[in-house]
Amino acid sequence: MPELSVSELLELDRRHVWHPYGPMPGRAEPLVVESASGVRLRMADSSGELVDGMSSWWSAIHGYNHPVLNEAAREQLGRMSHVMFGGLTHEPAVRLAKLLVDMSPDGLEHVFLADSGSVSVEVAVKMCLQYWRSLGRPAKQRLLTWRGGYHGDTWQPMSVCDPEGGMHELWTGVLQRQVFVGPPPVEYEEEYAEELRSAIARHADELAAVIVEPVVQGAGGMRFHSPAYLRVLREACDAHDVLLVFDEIATGFGRTGALFAADHAAVTPDVMCVGKALTGGYLTMAATLCTSEVADGISRGEVPVLAHGPTFMGNPLAAAVACASIELLLGQDWLAEVKRIEAGLREGLAPARELPGVRDVRVLGAIGVVQLDRPVDMKAATTAAVREGVWLRPFRDLIYTMPPYVTGDADVARVARAVCAAAGEG
Ligand code: PMP
């Protein structure tokens with residue numbers, strides 16, 4: 001195919017290509033990215049180079065075009081880029097499973113290699129429902145979660161996303177009706193903990209699991225909450241025979257200042273989903289981990305297998321890059337890097353507090369959020385950030401950043417300046 005000019009490309013994009021949450025034909029005017037290296041996106045138009053303040057939605061923790069990840073992909077490409085996983089196994093998948101088991105909270109022993117975050121949540125839910133069926137308690141098939149959450153865009157995860165004003169409101173009434181409690185407060189409040197306990201107790205007979213995003217609710221509103229609630233959930237779930245699922249798809253691999261957000265509370269869930277940064281953002285892969293109790297329970301059932309097996313399960317290329325990405329992360333003082341970015345964001349975002357219309361500024365680990373008291377003007381906010389040389393993707397009333405861990409101090413300051421500019425003009 002001959003090379004397209006930027007205007008031809010945009011016209012074809014508008015006519016034929018769906019974008020996330022986009023109409024067809026497209027209305028938005030996406031910027032065209034040509035290539036990416038380190039923390040910079042090279043744009044095809046006059047915006048030149050932009051520092052990526054989004055890590056491609058939490059995933060590119062080591063930045064782009066990283067020599068170690070490139071080499072892992074190249075080396076694996078020479079062996080095999082894909083092979084079916086039914087009846088066959090291979091070193092990249094086995095090594096990845098072992099790395100995940102070793103680094104995740106104690107007690108998670110078994111790994112299902114899914115191909116996207118949403119699918120890993122589907123698998124988690126299936127594991128939980130099947131566990132209770134196997135144990136002769138098929139009535140336990142609902143899920144409890146707190147409002148303000150987001151767990152993906154496929155059918156079952158949609159049912160545990162925030163039902164009000166959320167992304168999937170259109171389907172209220174069609175989706176399975178789950179049990180919702182209010183969103184967790186920022187600080188620990190005994191009254192709210194009690195609300196959690198009593199909701200779990202009240203619905204225990206029909207609950208397969210509680211599913212939450214630990215410590216940070218991402219796409220549902222970028223809210224932070226006390227890790228102490230995770231212990232409350234663990235105790236209440238244990239007391240009432242309910243499984244506990246942590247969705248660490250966004251929070252995993254160091255982003256919040258702990259390897260997994262569960263580590264802030266030293267809690268092991270029964271099932272845990274990871275994705276996004278798993279492959280350093282290179283390839284699509286996610287994973288669902290579970291304890292031996294869950295796996296053994298499923299194996300004792302009338303149907304003793306987990307009936308799930310995507311075509312691209314255990315993709316060797318993605319698994320090899322995931323191994324390299326995890327080894328790269330663990331082989332450095334990743335916590336120092338995350339703390340360095342946290343300090344830079346705290347300092348750089350402080351001026352946003354003085355801006356009119358700013359409701360809240362919050363920072364945790366390598367995540368910075370400015371919340372407005374009105375919906376963001378997306379176009380104005382993005383333009384302001386691009387003018388500062390930074391790529392941001394605000395949504396609803398939020399301008400937020402989660403830069404790659406390799407973002408240098410000057411670039412962290414630049415990202416923070418861009419967030420402030422976007423908050424001021426957006
Ligand atoms: N859970 C959480 C917490 C997420 O942030 C996301 C992605 N935004 C998902 C699930 C879904 O993952 P994916 O987009 O890879 O399907």
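The model is predicted: local features need pLDDT of at least 70, side-chain atom pairs count only at pLDDT 80 or more, and totals for chains, interfaces and linings use all residues. Residues are numbered from 1 along each chain as its sequence is written.

Ligand first. I find 14 residues around the ligand, the closest being Gly117, Ser118, Gly152, Ile249 and Ala250. Helix α5 (residues 117–134) contributes most to this shell, with three residues. Helices are DSSP runs (H or I, at least four residues), numbered from the N terminus.

Next, α3 and α10. I took axes as lines fitted to C-alpha atoms over the stretch in contact, with angles from 0 to 180 degrees between N-to-C directions. The axes of α3 (residues 67–79) and α10 (residues 316–330) come within 9 Å and cross at roughly 150 degrees. The two are therefore roughly antiparallel (angles over 145 degrees; under 35 counts as roughly parallel). For contacts I required C-beta atoms, placed from the backbone, within 7 Å. Val68, Leu69, Ala72, Ala73, Gln76 and Leu77 in α3 meet residues of α10, including Pro316, Leu317 and Ala320.

Last, α7 and α8. The axes of α7 (residues 190–203) and α8 (residues 228–239) come within 10 Å, crossing at roughly 25 degrees. α7 and α8 are therefore roughly parallel. Ala193, Leu196, Arg197 and Ile200 in α7 meet Tyr229, Val232, Leu233, Ala236 and Cys237 in α8.

Methods: Near = placed C-beta within 6 Å. Parallel < 35°, antiparallel > 145°, perpendicular 65-115°, else oblique. Contact = placed C-beta atoms within 7 Å.
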